Amino acid sequence: MSTSTAISILQCGKTYPNGTRALETVDLEVVSGETLVLLGPSGCGKTSLLRMIAGLESPDAGGRILFGSEDVTAQPPETRNVGMVFQSYALFPNMTVAQNVGYGLRIRRLPEERRRARVAEMLEMVQLSALSARRIDQLSGGQRQRVALARAIAVTPRVLLLDEPLTALDAKLRESLRVDIDTLLRKAGITAIYVTHDQAEAMALGDRIVVMDHGEIVQIGSPTQIYHAPANAFVADFVGSVNRLQGNVQDGVWRCGNAALPWPADAPVGGVVMVRPEDLRLGHEAAGAISGTLTARYFLGNRTRLLVDIGQGAPVLVDTSERGEFALASQVHLRIDPATMIVLPA
Amino acid sequence: MSMDGRKHTLLLGALMAPAAAFFLAFWLLPMARLVGVGASGPQGMGAYWSVLTNQNYLTSLIYTFVLSALVTLATLVISCIAGLFLERNRFPGRSLLLAVLTFPLAFPGVVVGFLIILLCGRQGLIGDLTKWLTGEKLVLAYSLSGLFLGYLYFSIPRVILTVMAAAEKLDYALVEAARTLGASPLQIVRDVTLPALGPALVSSGAICFATSVGAFGTAFTLATNITVLPMLIYNEFTNYANIPVAAALSVVLGVVTWAVLALARSVAGNTVTVAA
């Protein structure tokens with residue numbers, strides 16, 4: 001059933017009639033069958049890019065969009081054969097669940113028999129077979145989003161476009177639906193482009209993540225690359241939490257407090273050192289460690305977040321899975337594994 | 001608690017009393033009286049029967065309801081297209097155009113009738129134009145077409161405003177979703193826009209129908225060749241002092257219009273589930 005397609009975005013920018021530059025000129029290749037996540041804060045251009053692929057917006061002159069080798073730039077959304085899932089679900093309130101899922105098939109004049117079979121198959125896939133005759137306003141948010149997914153996939157689109165599909169749902173449901181969507185996309189083997197501002201969602205779903213900021217693509221990489229080797233401070237900050245540590249570099253050694261770590265050979269001159277909270281280890285002695293005072297602690301269940309004042313202005317965040325007292329105002333010694341040190345241009 | 005509840009009910013009753021008194025004095029009593037008067041003539045209840053069997057009355061009834069239905073239909077089609085266009089497009093002069101479009105709302109029916117006479121009466125613009133073009137003067141004002149135009153004129157502004165309000169609430173993502181699923185513009189109108197506007201169209205259409213059935217000023221100015229129901233009632237009442245028939249006609253007019261409104265309301269409630 002898979003008709004997944006590679007997508008090429010060539011020199012596409014978007015300027016709105018009022019002069020707003022929503023997207024700088026970008027190039028992007030989407031591999032057939034992959035799930036690509038466009039991640040960034042609101043206004044970063046990720047939705048504009050997605051809508052361009054859908055055909056709901058057209059790129060500025062010179063931009064081209066290819067589905068496989070077919071240039072679809074001039075095609076309206078009606079003929080592109082994409083599936084789109086909206087943040088607001090956008091289900092037709094005047095139709096039942098089954099009629100919504102079958103809508104694209106009805107438009108394609110698929111014979112009644114085959115349409116019915118496909119709708120049943122789709123509803124089974126999203127585990128909503130029992131609700132096929134329900135009206136949309138009788139469904140919960142999570143059920144609505146599953147109907148929207150089934151409707152988008154039912155037409156075997158060349159690419160599935162998801163615009164913040166989980167944003168309107170509560171945290172718990174978001175997490176379980178995330179797993180459902182992931183399973184579904186893998187099973188369908190469909191090319192999917194997923195827009196979100198939620199880094200956890202991006203990590204969980206993306207084969208690759210495209211981090212965007214101010215209309216530009218800042219980094220493209222696998223979730224681990226994005227997290228462990230961010231291209232710049234924006235990516236490091238946006239994807240998870242990160243500490244900036246001030247130190248001195250001398251003779252190939254970086255010093256901060258009592259800690260002395262080898263300065264990477266390829267590190268930029270005057271680079272900023274960043275360490276993720278979970279990469280800071282609690283030690284027992286001051287030697288070779290950065291020492292500070294514990295100013296706050298938050299028990300989060302699977303870990304405890306500590307705020308440590310090491311005399312550098314902003315407190316250092318430390319995530320530990322150790323069970324301990326963590327008495328406030330006590331001395332804490334932090335150790336850094338050199339491998340976890342992120343050095344970025346200042 | 002129960003003491004409180006009783007107090008609450010009493011208070012509610014006291015607050016409702018003026019409305020109830022008003023309803024009784026100015027709706028229920030006159031209506032009962034009207035129904036009674038309708039049956040008070042020499043024929044008794046037969047007056048109601050005669051209204052439906054007498055050729056003159058029946059013709060007038062049919063004319064009125066068919067005319068109103070046609071006006072309603074035309075109004076809905078025109079206003080729906082115009083309202084959607086005005087809601088979806090921003091262009092210079094749009095707010096001015098909107099203000100001008102709602103202008104006829106302020107006109108009494110007589111003025112509307114007057115305007116129609118100016119437009120397509122014997123000395124009207126259309127008459128002059130057609131005479132110049134074909135040598136034959138086209139006079140529509142005093143026929144059914146004149147009434148049709150006049151009614152259309154005062155119906156359109158109301159419906160346009162209602163359509164615009166409903167279109168504003170239409171989630172545009174629905175249209176985009178339909179487009180990505182392959183729907184053509186016409187299919188989108190059929191499957192998304194009209195169902196979304198349905199309740200607004202039915203309710204404003206019903207009001208348009210009721211207003212047309214009861215329109216008097218315009219009819220009074222224009223209806224020289226045909227007699228619509230309000231004119232008929234006026235004539236029976238003032239010229240022939242045939243008060244029972246006037247009352248019976250009024251009751252029939254009221255009942256039919258009310259029935260149409262009620263039907264529209266129940267259909268509007270169902271379209272949401274039945275459509276598609």
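## Two oblique helices in chain B

In this predicted model, helices α3(B) and α7(B) are oblique to each other, a word kept for angles that are not under 35 degrees (roughly parallel), over 145 (roughly antiparallel) or 65 to 115 (roughly perpendicular). The axes of α3(B), residues 55-88, and α7(B), residues 144-169, come within 6 Å and cross at roughly 40 degrees; such axes are lines fitted to C-alpha atoms over the stretch in contact, with angles from 0 to 180 degrees between N-to-C directions. Helices here are DSSP runs of H or I with at least four residues, and strands are runs of E with at least two, numbered from the N terminus.

The crossing of α3(B) with α7(B) is right-handed, that is, the near helix is turned clockwise from the far one by less than a right angle. The residues of this contact comprise 22 nonpolar, 4 polar and 2 charged, where Ala, Val, Leu, Ile, Met, Phe, Trp, Tyr, Cys and Pro count as nonpolar, Asp, Glu, Lys and Arg as charged, and the others, Gly among them, as polar.

## How the model is read

Residues are numbered from 1 along each chain as its sequence is written, while chains are lettered from A and ligands numbered from 1 in the order in which they are written. Local features of this predicted model need pLDDT of at least 70 and side-chain atom pairs count only at pLDDT 80 or more, whereas totals for chains, interfaces and linings use all residues, and side-chain values use heavy atoms, with hydrogens and water left out.

## A buried threonine

Thr218(B) lies in helix α10 of chain B, residues 217-222, and is buried, with a relative accessible area of 1%; buried means under 20%, exposed over 50% and partly exposed in between, for a 1.4 Å probe and protein chains only. Apart from neighbours within four places in sequence, the contacts of Thr218(B) include Leu147(B), Tyr151(B) and Phe154(B), contact meaning heavy atoms within 4.5 Å.

## Where chain A meets chain B

Ser88(A), in the loop between β6 (82-85) and α3 (97-107) of chain A, is partly exposed, with a relative accessible area of 40%. Leaving aside neighbours within four places in sequence, Ser88(A) is in contact with Asp171(B) and Ala173(B).

The helices α3(A) and α9(B) are roughly antiparallel to each other, and their contact is made by Tyr103(A), Arg106(A) and Ile107(A) on one side and Gln187(B), Arg190(B) and Asp191(B) on the other. By class, this contact has 2 nonpolar, 1 polar and 3 charged residues.
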